[in-house]
Amino acid sequence: MHYLLGAILIFVASIVAAGGWLWSGAYNVAADEPHWPLVHRALELGRERSIAQRVAAVEVPDLTDPERLAQGAGNYAAMCETCHLRPGLADSELRRGLYPQPPVLASRAAPDPARDFWIVKHGLKASGMPAWGQSMADDTIWGLVAFLRALPAQSAGDYASAVAASGGHDHGEPASGPAPEEAPVAITPPASHDDNHGH
């Protein structure tokens with residue numbers, strides 16, 4: 001009984017101490033200062049276990065349909081390449097300032113379609129990754145996932161051709177209703193990035 005009471009007191013004291021430390025503002029949340037290694041590992045473990053528990057129920061459709069791939073190319077160019085880059089683009093101004101840095105999807109090996117679908121649809125807290133399922137139909141997300149599978153094998157020229165043939169940016173209609181009205185986006189392969197902004 002004394003051991004149980006002692007364990008409870010230690011647990012409560014630990015919670016109070018952790019709460020006081022968080023309240024003090026001692027932990028720096030600035031994006032230009034990385035997490036402590038222990039915090040980084042804990043967040044990474046929690047994220048991966050959370051995703052793994054949820055993707056088990058995702059059923060992957062046929063991802064080889066050319067129309068699905070073409071739609072995915074246009075959406076990737078409009079929505080993803082600024083953070084996740086494209087073949088031939090080594091960095092971007094926005095990506096450079098993000099923490100954690102988004103993965104470079106053109107250099108991934110063996111992507112997991114179910115995992116990609118879940119992340120694109122639901123996003124990831126405190127990472128800058130939006131929940132595109134709020135404005136994008138599931139079938140359209142699968143088009144994006146299909147393109148993500150093809151992306152690592154593409155050269156810069158292959159990518160530019162796929163985007164040019166895609167028909168542009170199209171969200172489809174999510175299950176929750178029509179996407180908000182937005183101006184049409186013309187998709188053209190971007191020119192080389194110039195970092196000299198004069199600021």
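You're looking at a predicted model, where local features need pLDDT of at least 70, side-chain atom pairs count only at pLDDT 80 or more, and totals for chains, interfaces and linings use all residues. Residues are numbered from 1 along each chain as its sequence is written, and side-chain values use heavy atoms, with hydrogens and water left out.

**Stop 1: helix H6.** Select residues 113-122, which form H6. (Helices here are DSSP runs of H or I, at least four residues, numbered from the N terminus.) Of its 10 residues, 7 are buried, meaning under 20% relative accessible area with a 1.4 Å probe, protein chains only. Colour Pro-113, Ala-114, Asp-116, Phe-117, Trp-118, Ile-119 and Val-120 to see them. Now show H2 (37-55) and H7 (138-150): the buried residues of H6 pack against both.

**Stop 2: the ends of H6.** Click on Asp-112, which caps the N-terminal end, with a side-chain oxygen 3.1 Å from the backbone nitrogen of Ala-114.

**Stop 3: Lys-125.** Find this residue in the loop between H6 and H7. Is Lys-125 buried or exposed? Its relative accessible area is 82%, so Lys-125 is exposed (the cut-off is over 50%).

**Stop 4: Ser-92.** Head to the loop between H4 (81-84) and H5 (93-96). Ser-92 counts as buried because its relative accessible area is 8%. Leaving aside residues up to four places away in sequence, Ser-92 touches Thr-82 and Leu-85, where contact means heavy atoms within 4.5 Å.

How values were computed. Helices (H or I, at least four residues) and strands (E, at least two) are DSSP runs, numbered from the N terminus. A polar contact is a pair of N or O atoms within 3.5 Å; within protein, one must be able to donate a hydrogen and the other to accept it, and residues adjacent in sequence count only if both atoms are side-chain atoms.
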